[in-house]
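My plan was to go through them in turn.

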Amino acid sequence: MNGRLDYRLIGGVSVVIAALPAVLGTFGVSLMNDIGISALVVLGLVMLTGISGATSFGQAAFVGIAAYASGWLTTAHGFSPWIGLLFAMAITGAAALAIGMLTLRLGGHYLPLSTIAWGLSINLLFGNIEALGRHTGLANIPPLYLGPWSLMDPRAIYYLIWLIVGLACLFSHNLMTSRSGRAIRSLRGGSMLLASVGADAYRVRLSLFVTAALLAAVAGWLYAHTNRFISPSPFDVRASIEYLLMAISGGVGHLAGALLGSGLVLTLKNVLQDVLPFFSKNGGQFETIAFSVIFILLLHRARGGAMGFISRWFTLRPPPAPGFLTDVSPLPRRPLPARGSEILRVENAVKHFGGLVAVNDVSFSVNSGEIIGLIGPNGAGKSTMFNLLTGVLQMSAGAVHFCGRDISSLPQRTIARLGIARTFQHVKLRPNMSLLDNVALGTHLRTGAGVLRGGLRLNRQEERQIAAEAYRQLERIGLADKAHKLAGSLPLGTQRVLEIGRALAADPSLLVLDEPAAGLRQKEKQALGDMLRRLRDDGVTILIVEHDMDFVMKLVDRLVVMNFGSKLVEGSPFAVRADERVQAAYLGSVA
Ligand code: ADP
Ligand code: MG
């Protein structure tokens, strides 16, 4: 996913697919058609379940909605199947939007459970609507025509199906490597991570959900006009589970796994259908058992699926080097507040957790161009204070003003958009994304391409700007030489530095850092200190929590000391070090 597609590999696969009908019999061609149609559904599922982590047991229902929509419009009203395609996509898209809005906010196991519920209910609906033929279904659905050419013959529709599969793969690959794709790939990191770069996890998930449903819709439309007969059973929850099995056996982390997975499962299904009757008259039931066994074995032995094995044999080409990006106009920057003017004011902030007062009536302010340290023993309420002023937590009482605006009750992502960027005490990076992509995620709030522009590659200019900006920030934090490494391969201390890069990519006027030096060695700490001072010289205001007293005393202009939720002292590093109350608070603690 981090590399670019290998065009030779894709060319080779395309030639093989184009040549297959010449060597396959009618049965083989029909099987390939089924594989292609399933691959469209599984492609959506790889993104939805594999990459974003939302398990759907209801994908076949979307295939069914589209198949019935086009089947009904073309048989009952005589419309062209091409009009049927538009109708099917509109109906399926609307259904996915409605279902998604109702269910995607559910966390944990509730989402998969709810997908089973609507999978079942939509299937029941097909079987009970008179106009849709109840359980007998719809017959005599017209075949597809391309102008005067009928695509009734399996060999004719083969090329349309695989052309669509090719385009869908291209769209999905473009999407995954775009701005929306980076947000989608970050969904597993939680909504707090996304909100910190100004993105709304729910909307990102919803747009992916609808995209996956639309891929299923195209599959349903192809299914209806290829088989020319539909009934409820191919769209039931069992079919949804089969799609999931395809996604898992192909490899949930890779788009190409969709092709491999549907190929493997459908071929195996056919083999089993031929072989099992030799063993028992009830071969059909054994098929289910055989599939269950394979499913369990896969989960035990090969979580990475077929692509997991294959990707060991070839490496993806790395993305372009930064030299390629020199002629790009930089992303627009936000105007910085005048140096020395008040940028942040916290007034009597209070935060209760049940009976515990984690932050108790704390006030302080920060001027533009300052580095302010927030220190105090463990549990003093420093991280809670940061969570209050970045909108992660809502205050129990008090107010926060940023650049003259009351931000006390604004959501996290709005505060991020106003110019406060942060890092987390517990690192929130995407370990399977490159350093470059992790930092590029930070530009989310400065850029705008959505799913459609990303998928259709209408975002080239913006992507080049994003890449140039991400490289620039990686250089700033001294990690440019590792741009294409995976973030998870860095030591924990360096991951914290990478988070600063992501925060900087948002072009913040206030940078909020929660223990950025933890886990760094002495030399690295010095480099971090130098970097933070350079940032201040560039006009960035910094609020930092840090335990290493030597480090923090040399770095900051002013210190705010907290203890048991309250502000103890505020002043210059020198005055704070000399203060008796501070020494008492730290006795037996850090300093
Ligand atoms: P610090 O960052 O200064 O070490 P924290 O702000 O993390 O301290 O925590 C302050 C106090 O609030 C601690 O006693 C901690 O246990 C408590 N606390 C922090 N977050 C929560 C939470 N989400 N729910 C309940 N208690 C919390
Ligand atoms: Mg903390």
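My entries on the metal and then on the other ligand follow.

I worked with a predicted model, where local features need pLDDT of at least 70, side-chain atom pairs count only at pLDDT 80 or more, and totals for chains, interfaces and linings use all residues. Residues are numbered from 1 along each chain as its sequence is written, chains are lettered from A and ligands numbered from 1 in the order in which they are written, and side-chain values use heavy atoms, with hydrogens and water left out.

**Entry: magnesium.** I looked up what holds ligand 2, the magnesium ion. Ser-383 (OG) and Gln-425 (OE1) coordinate this ion at 2.1 Å. Donors are N, O and S atoms within 2.8 Å of the metal (3.2 Å for Na, K and Ca); water is not among the atoms, so the site may look incomplete. Ser-383 sits in helix α14 (residues 382-389), and Gln-425 in the loop between β8 (420-422) and α16 (435-441), so the pair ties together parts 42 residues apart in sequence. Helices (H or I, at least four residues) and strands (E, at least two) are DSSP runs, numbered from the N terminus.

**Entry: ligand 1.** Which residues surround ligand 1? I listed Phe-353, Leu-356, Ala-358, Asn-378, Gly-379, Ala-380, Gly-381, Lys-382, Ser-383 and Thr-384. Each has a heavy atom within 4 Å of the ligand. Helix α14 gives the most to this shell, three residues.

Next I noted polar contacts, pairs of N or O atoms within 3.5 Å. A polar backbone atom of Gly-379 is 2.8 Å from an oxygen atom of ligand 1. For a polar side-chain atom of Thr-384, the distance to an oxygen atom of ligand 1 is 2.5 Å.

Methods
Polar contact = N/O pair within 3.5 Å; in protein donor to acceptor, adjacent residues only side chain to side chain.
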